[in-house]
Amino acid sequence: KWKVSLRQAKEQAFTNYPLFDLGNLSHDLPDFCGVIRYETVWTIEKPEDFCVLQLSGVGETAQLWVNDCDCGAVVGKPYRFAIAGKLKKGENQLRVEVMNNMAYRERDPFSTYLPLPPTGLTGPVLIG
């Protein structure tokens, strides 16, 4: 289960966004340009069993934090992050921030006819 919030480009504050399933948000938010924050908590018994987190679908740039530890940003596939040593036994916090393409808001004559990449997390989060 994800808590989702949005921050428009050039704004400081995030606002809550009701989300039921991961998927392309460009259909519901066709003019949105900014950051989509996904937060969740999960419990694990053996943190040493997990060393990689992979986001199977992202539109377009993703940054990951595990337990408030910055795991870096990825601009293209594969959206894979090293998480070894960042997990603990019990509850763990996961935060993913996805930044989408500026063309959703600022369409110039050239980009008007180009298909845009999806917005948000569009697929499952895999941990192994």
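## Strand pairing in the sheet

In this predicted model, strand β4, which covers residues 52-55, is joined to β11 by three bridges, and the two strands run antiparallel. Within this pairing, L55 of the β4 strand faces V125 in β11.

The two strands belong to an open sheet of three strands, ordered β8-β4-β11 and paired in antiparallel fashion. Because β8 (79-82) and β11 (125-127) each have a single partner strand, they stand at the edges of the sheet, and one side of each is left without a neighbour there. From one strand to the next, the twist averages 20°. In general terms, strands of a sheet pair through backbone hydrogen bonds, in either a parallel or an antiparallel arrangement.

## The aromatic pair

When the whole structure is searched, one aromatic pair is found. It is formed by W2 and Y38, whose ring centres are 6.0 Å apart and whose planes meet at 90°, so the pair is edge-to-face.

## Charges over rings

Two arginine contacts with aromatic rings can be described here. The charged end of R37 sits over the ring of F14, at 3.8 Å from the centre of that ring, and R95 lies over the face of W65, 4.1 Å from the ring centre.

Notes: Residues numbered from 1 in each chain as written. Predicted model: local features only at pLDDT ≥ 70, side-chain atom pairs only at ≥ 80, totals over all residues. Heavy atoms only, no water. Pairing = 2+ DSSP bridges. Helix = DSSP H or I, 4+ residues; strand = E, 2+ residues; numbered from the N terminus. Axes fitted to C-alpha atoms, helices over the stretch in contact; angles between N-to-C directions. Phe/Tyr/Trp six-rings, centres within 6.5 Å; stacked < 30°, edge-to-face > 60°. Lys NZ or Arg CZ within 6 Å of the ring centre and 35° of its normal.
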